[in-house]
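The following exercises ask the reader to work through a protein model step by step. Each task is followed by its solution.

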Amino acid sequence: MTQTQPNHDVLFKTLADPTRRAIFEQLCQKGDQTVVDLTKRAGVSQPAVSKHLGVLKQAGLVEGRVDGRQTHYTPKLEALSPLADWTQQMTQFWQSRFDDLDALLTRMDQ
């Protein structure tokens with residue numbers, strides 16, 4: 001099932017694989033690339049790269065554009081929004097806990 005805004009569980013699971021994460025990072029850094037381009041840098045076979053791209057596409061992290069016999073893949077950075085939102089929520093949660101701890105330690109020192 002393809003989603004336009006995958007939840008953070010799907011994104012974490014998709015990006016947990018180091019090869020898949022490296023492919024996504026390569027697309028983010030270099031932009032639009034073909035399977036052949038990605039295979040040169042991936043250290044795995046072309047079928048493995050294609051499989052990883054399929055998982056990334058299903059998670060909504062990349063999109064493919066067919067040009068003749070080649071498909072050009074592009075990262076969809078907006079798909080990372082759920083991760084950014086979750087990270088911000090966790091940062092606020094822990095910052096609040098640290099502030100509470102600091103206040104408690106200050107009261108104990110008095």
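The exercises below proceed from the overall chain to the sheet, a charged pair and a surface patch.

The model is predicted: local features require pLDDT of at least 70, side-chain atom pairs count only at pLDDT 80 or more, and totals for chains, interfaces and linings use all residues. Residues are numbered from 1 along each chain as its sequence is written, and side-chain values use heavy atoms, with hydrogens and water left out.

**Exercise 1. Describe the secondary structure and overall dimensions of the protein chain.**

Step 1. Helices (H or I, at least four residues) and strands (E, at least two) are DSSP runs, numbered from the N terminus. The protein chain contains five helices and three strands, arranged along the sequence as α-α-β-α-α-β-β-α.

Step 2. The radius of gyration of the protein chain is 19 Å, whereas a compact globule of 110 residues would have a value near 13 Å. This quantity is taken over C-alpha atoms, and the globule rule is 2.2 Å times the number of residues to the power 0.38.

Step 3. Along the principal axes, the C-alpha atoms fill a box of roughly 75 × 30 × 20 Å.

Step 4. Buried means under 20% relative accessible area, exposed over 50%, and partly exposed in between (1.4 Å probe, protein chains only). By this criterion, 26% of the 110 residues are buried.

**Exercise 2. Determine how the strands are arranged in the sheet.**

Step 1. Two strands pair if DSSP finds at least two bridges between them. The three strands form an open sheet with the order 1-3-2 and antiparallel pairing. Strand 1 (33-34) and strand 2 (62-67) are at the edges with a single partner strand each, so one side of each has no neighbour in the sheet.

Step 2. Six bridges join strand 2 to strand 3 (residues 70-75) in the antiparallel sense. In strand 3, Gln70 is the bridge partner of Asp67, and His72 is that of Arg65.

Step 3. The hairpin of strand 2 and strand 3 has two residues between the strands, and Gly68 there adopts a positive phi near 70°.

**Exercise 3. Locate the salt bridge and state which parts of the chain it connects.**

Step 1. A salt bridge is a side-chain nitrogen of Lys or Arg within 4 Å of a carboxyl oxygen of Asp or Glu.

Step 2. The side chains of Asp32 and Arg65 form a salt bridge, at 3.0 Å from N to O. Asp32 belongs to the loop between helix 2 (18-30) and strand 1, and Arg65 to strand 2, so the pair ties together parts 33 residues apart in sequence.

Step 3. Asp32 is partly exposed, at 36% relative accessible area, and Arg65 is also partly exposed, at 42%.

**Exercise 4. Examine Ser81 and the helix in which it is found.**

Step 1. Ser81 is found in helix 5, which comprises residues 81-109. With 32% relative accessibility, Ser81 is partly exposed.

Step 2. The Ser81 side chain reaches the backbone oxygen of Glu78 at 2.9 Å.

Step 3. Between the C-alpha atoms of Ser81 and Ala103, which are 22 residues apart along the chain, the separation is 33 Å.

Definitions and conventions:
Polar contact = N/O pair within 3.5 Å; in protein donor to acceptor, adjacent residues only side chain to side chain.
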